[in-house]
Amino acid sequence: MEAERLVQAGLHALGESRTAHDIVAEAWQARALAQAIGSHLALCGPLELRGEARGLSEAGEYPTWGAAGPRAARLTEVGDPRSALTALGELLGEVGIALVGVASVTDDESLYWQCMEAIDAADEAGDRVRGMLRRLDVREQGRARPPDPPRGRAGPAPATPHPRTPTPRPAPEPGRDQGPSQEREADRLRDRARDR
């Protein structure tokens, strides 16, 4: 069965649980499903998820399942890892809330400690699921970002600007102020004219 369908079955069964013992049993069913999804992703999932998935797949101590066995044994595929992990995170969150409700009202010390153990397991699994979802986010952001420019390669030489042709200065108009060198030239010409 596909992972998301199994998660939905777990959410439905948790919602239908009427006794504290049923809720604790569903908490372990959810933990077993998290382990099965982790095992599947550790073998067949995206490379970025495999380390966290192995951690999620680590075996835990479970109660006796009875004749039906764990629901997770029916897992055949994880079609969309992001959707499956998101749904699994929701299931683990709901399990945690239900267990806190049971632990806060029970007078049975054994049941209380079963709830505490199951809460710890659900929290640990939820942390790993959130870690895998973050890794998927990082991978998708890396795909969306344009590639970095190549480093260390010589590119084309920058274009050299063409030298500008100097613009000739216009001849000074008669009667206008002239620069110092032009005044000296004019004085020399007057001196020569006088000497003749």
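Modeller: Start with a term. A nonpolar core is a set of buried Ala, Val, Leu, Ile, Met, Phe, Trp, Tyr and Cys residues joined through side-chain atoms within 4.5 Å. Keep in mind that this is a predicted model.

Biologist: Which residues have the most contacts inside the largest nonpolar core?

Modeller: They are Val7, Ile37, Leu85, Leu88, Leu91, Val95 and Leu99. The core has 45 residues. Helix 1, helix 2 (20-44), helix 3 (50-56), helix 4 and helix 5 (109-144) each give two or more residues to this core. Helix 2 provides the largest share, 12 residues.

Biologist: What does Leu99 touch, not counting residues up to four places away in sequence?

Modeller: Leu99 touches Ile23, Val24, Ala27, Cys115, Ala118 and Ile119.

Biologist: What makes up the secondary structure of the chain?

Modeller: Six helices and zero strands. Along the sequence the pattern reads α-α-α-α-α-α.

Biologist: Why is helix 1 called roughly parallel to helix 4?

Modeller: Take the angle. The axes of helix 1 (residues 3-16) and helix 4 (residues 81-105) cross at roughly 15° and come within 9 Å. Angles under 35 degrees count as roughly parallel. Therefore helix 1 is roughly parallel to helix 4. Their crossing is left-handed.

Biologist: Which residues of helix 1 and helix 4 meet?

Modeller: Helix 1 brings Ala3, Glu4, Val7, Gly10, Leu11 and Leu14. Helix 4 brings Ser83, Ala84, Ala87, Leu88, Glu90, Leu91, Glu94, Val95 and Ala98. By class, this contact of helix 1 with helix 4 has 10 nonpolar, two polar and three charged residues.

Biologist: How do you know whether helix 2 and helix 4 are roughly parallel or roughly antiparallel?

Modeller: Again, the angle decides. Helix 2 and helix 4 pack at about 155°, and their axes are 10 Å apart. Angles over 145 degrees count as roughly antiparallel. So helix 2 and helix 4 are roughly antiparallel to each other. The crossing of helix 2 and helix 4 is left-handed.

Biologist: How many residues in the contact of helix 2 with helix 4 are nonpolar, polar or charged?

Modeller: The residues first. From helix 2 come Ala20, Ile23, Val24, Glu26, Ala27, Ala30, Leu33, Ala34, Ile37 and Leu41. From helix 4 come Pro81, Leu85, Leu88, Leu91, Leu92, Val95, Ala98, Leu99 and Val102. The contact of helix 2 with helix 4 has 18 nonpolar residues, no polar ones and one charged.

Biologist: What makes helix 1 roughly antiparallel to helix 2?

Modeller: Helix 1 and helix 2 pack at an angle of about 170°, with axes 10 Å apart. The cut-off is over 145 degrees. So helix 1 is roughly antiparallel to helix 2. In this contact, Ala3, Leu6, Val7, Gly10, Ala13 and Leu14 of helix 1 meet Ile23, Glu26, Leu33 and Ile37 of helix 2. That contact has eight nonpolar residues, one polar and one charged.

Biologist: Does Ser57 count as buried or exposed, and why?

Modeller: Its relative accessibility is 16%. Buried means under 20%. Ser57 therefore counts as buried. Ser57 lies in the loop between helix 3 and helix 4. Not counting residues up to four places away in sequence, Ser57 touches Gln35, Gly38 and Ser39.

Biologist: What share of the chain counts as buried?

Modeller: 33% of the 196 residues.

Conventions: Residues are numbered from 1 along each chain as its sequence is written. This is a predicted model: local features need pLDDT of at least 70, side-chain atom pairs count only at pLDDT 80 or more; totals for chains, interfaces and linings use all residues. Side-chain values use heavy atoms; hydrogens and water are left out. Axes are lines fitted to C-alpha atoms, for helices over the stretch in contact, and angles run from 0 to 180 degrees between N-to-C directions. Helices (H or I, at least four residues) and strands (E, at least two) are DSSP runs, numbered from the N terminus. Angles under 35 degrees count as roughly parallel, over 145 as roughly antiparallel, 65 to 115 as roughly perpendicular and the rest as oblique. A crossing is left-handed if the near helix is turned anticlockwise from the far one by less than a right angle, and right-handed if clockwise. Contact means heavy atoms within 4.5 Å. Ala, Val, Leu, Ile, Met, Phe, Trp, Tyr, Cys and Pro count as nonpolar, Asp, Glu, Lys and Arg as charged, and the others, Gly among them, as polar. Buried means under 20% relative accessible area, exposed over 50%, partly exposed in between (1.4 Å probe, protein chains only).
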